[in-house]
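Dear colleague,

I am passing on the structure we spoke about, and below it I set out what was found. Please read the notes with the coordinates open beside them.

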Amino acid sequence: IGNSLIGSYTVSGNVRLIQANGEPVSSESYDMGMPCGENFVVIRNRQYGLIDAQGKTLVEPQFTFDFQSHDYQNPIPCLHGTNQMQFIENTKRGILNGSWEVIVPANYDQINPIYSGHAKHTIASYIAQHSDTKQFHLLDAAGKVIVESDTIVTRAIPIPKTSLYEQDQFKVFFCVGKRTDQHIAWGILDH
């Protein structure tokens with residue numbers, strides 16, 4: 001199933017899915033593979049895809065993910081459930097959901113996630129930059145554009161705790177600006 005083992009789950013080399021008795025489940029081979037939920041994430045030519053336990057291709061290796069690998073035991077990202085991952089297509093960025101469906105097409109030059117500690121206090125999840133229109137989009141978790149503006153600034157104001165055991169809470173505001181002549185007109189959105 002591979003010529004080198006990295007950690008306990010990721011294999012690299014000539015990767016194939018095989019049964020316990022050694023029979024191949026499918027004839028496809030990949031550069032790397034790793035279990036991910038009930039399926040397997042596979043890589044071929046630096047492109048990520050997904051196969052099921054019967055060897056059926058669920059998603060052809062077609063996505064290039066943008067992620068930083070700091071987990072040396074499992075250097076392949078596992079995308080399932082409520083996870084979301086940025087992918088790159090023709091130098092533009094988009095977002096896949098945990099079902100490997102494109103929720104944000106690859107139209108943006110940059111997509112910045114809103115700090116996860118604040119995300120639970122706001123419906124917004126990402127600030128995306130669209131260089132063709134020179135606009136910023138505030139996106140929710142489903143990829144829907146909440147607002148479009150020339151600039152967006154996020155402010156999260158901590159709410160004082162009433163007990164030592166209380167979780168951090170914030171009031172989240174978005175300052176949005178539109179250019180008018182040579183000035184920027186500002187507005188404020190709540191969470």
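Rings of Phe, Tyr and Trp (for Trp, its six-membered ring) are taken to pair if their centres lie within 6.5 Å, and the planes then count as stacked under 30 degrees, edge-to-face over 60 and tilted for the rest. This is a predicted model, in which local features need pLDDT of at least 70 and side-chain atom pairs count only at pLDDT 80 or more, while totals for chains, interfaces and linings use all residues. Residues are numbered from 1 along each chain as its sequence is written, and side-chain values use heavy atoms, with hydrogens and water left out.

Aromatic cluster

By that rule there are 4 aromatic pairs. The pair of Phe63 and Phe87 is edge-to-face, because the ring centres are 5.2 Å apart and the planes stand at 75°. Phe63 belongs to strand β6 (residues 57–65) and Phe87 to strand β7 (residues 85–89), so this pair ties together parts that are 24 residues apart in sequence; strands here are DSSP runs (E, at least two residues) and helices likewise (H or I, at least four), numbered from the N terminus. Buried means under 20% relative accessible area, with a 1.4 Å probe and protein chains only; Phe63 is buried at 7%, and Phe87 is buried at 2%. Ring pairs link Tyr48, Phe63, Phe65, Phe87 and Trp100 into a cluster.

Strands around β5

Two strands pair if DSSP finds at least two bridges between them. Strand β5 (residues 47–51) has 4 of its 5 residues buried, so it is largely enclosed by the rest of the structure. β5 pairs with β4 (residues 39–44) in the antiparallel sense over 5 bridges, and Val41 has Leu50 in β5 as its bridge partner. The hairpin of β4 and β5 has 2 residues between the strands, and Asn45 takes a positive phi near 55° there. β5 is also joined to β6 by 3 bridges, the two running antiparallel, with Tyr48 opposite Phe63 in β6. In the hairpin of β5 and β6, with 5 residues between the strands, Gly55 takes a positive phi near 85°.

The open sheet

An open sheet of 4 strands runs in the order β10-β11-β12-β13 with antiparallel pairing. Its edge strands, each pairing on one side only, are β10 (110–113) and β13 (145–149). β10 and β11 run antiparallel and are joined by 4 bridges, and Pro113 has Tyr126 in β11 as its bridge partner.

With best regards

Technical notes:
Buried means under 20% relative accessible area, exposed over 50%, partly exposed in between (1.4 Å probe, protein chains only).
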